[in-house]
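Here are my notes on the model you sent. Please read them with the structure open beside you.

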Amino acid sequence: GGSSLQAIYLHPAAERSQQLQPRTFTVARGAGHTPLLDKHGNLLVIETPGTADFGGIAELGVEQWSEAFVWHIELRVLLLDELSRRSGRLVHTCSVIDFAELNLKVASGMGTKAEKEGFKAWAAVAKSVSHAYPDTTYRNYVLNAPGGFFVSQIIMALAPKRSAKKFVMLGGEGDAVNAKLRQDVSASQLPRHLGGNRDDAGQWD
């Protein structure tokens with residue numbers, strides 16, 4: 001009956017995986033981790049694939065990183081089930097996906113051997129997860145996507161066709177973007193670097 005998770009890093013490589021690609025659906029409070037929620041009670045997921053260290057993924061080991069990624073998703077699904085049970089309705093995920101600083105060189109198939117190996121692993125796991133859990137999505141907000149058409153093609157390639165309508169591409173910065181995002185997400189649930197007022201707590205350094 002508690003309101004927070006005691007632990008979120010369950011896989012042996014989970015903390016290193018988090019450093020290589022920051023992503024979260026909780027905020028640290030005291031000794032626990034409280035779920036982030038949108039205005040409708042859906043689980044808020046924040047991801048920053050633009051800052052992913054694809055070379056680091058290869059260095060950690062594709063198998064280790066992939067396992068840690070899937071364990072992270074499984075924990076998220078378990079949390080969705082618990083939130084749904086408590087609320088008496090089906091709780092989905094509302095994702096904020098920040099592509100700022102995306103290395104287009106690596107994404108377009110160039111870069112070092114390690115970077116290409118890491119990007120290939122990331123794309124494969126992301127695609128597998130999107131097809132395995134397609135019904136958990138309420139909405140996906142995509143921010144700071146450089147080369148709009150190119151990035152949109154990457155996103156659509158990873159997502160099931162039936163989920164395409166759930167993506168909201170937000171270009172530019174400032175009040176217009178914030179206003180659109182605020183339709184579903186309160187500033188209190190977002191870190192400062194995404195226009196919110198929550199302490200980044202070192203998760204996005």
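Which residues form one aromatic cluster? The cluster consists of F54, F119 and W122.

1. Ground rules. The model is predicted: local features need pLDDT of at least 70, side-chain atom pairs count only at pLDDT 80 or more, and totals for chains, interfaces and linings use all residues. Residues are numbered from 1 along each chain as its sequence is written, and side-chain values use heavy atoms, with hydrogens and water left out.

2. Aromatic pairs. Four aromatic pairs are present in the structure. Rings of Phe, Tyr and Trp (its six-membered ring) pair if their centres lie within 6.5 Å; planes under 30 degrees apart are stacked, over 60 edge-to-face, the rest tilted. F54 and F119 are edge-to-face, because their ring centres are 5.1 Å apart and their planes sit at 80 degrees. This pair links distant parts of the chain: F54 is in helix α2 and F119 in helix α5, 65 residues apart. Helices here are DSSP runs (H or I, at least four residues), numbered from the N terminus.

3. Burial. Buried means under 20% relative accessible area, exposed over 50%, and partly exposed in between (1.4 Å probe, protein chains only). F54 has a relative accessible area of 6%, so F54 is buried. W122 is buried too, with a value of 6%. F119 counts as buried at 14%.

4. The largest nonpolar core. A nonpolar core is a set of buried Ala, Val, Leu, Ile, Met, Phe, Trp, Tyr and Cys residues joined through side-chain atoms within 4.5 Å. The largest one has 16 residues; F54, W65, F69, I73, F119, W122 and V129 have the most contacts inside it. Two or more residues come from each of α2 (54-60), α3 (62-87), α4 (104-107) and α5 (113-132). The biggest share, five residues, comes from α5.

5. Beyond its neighbours within four places in sequence, I73 is in contact (heavy atoms within 4.5 Å) with V129 and Y133. A second, separate core has 15 residues, including V27, C94, V96 and L181.

6. Helix α3. This helix has 26 residues and reaches 37 Å from first C-alpha to last, close to the 38 Å expected at 1.5 Å a residue. The expected span is 1.5 Å times one less than the number of residues. Just after α3, G88 takes a positive phi of about 75 degrees.
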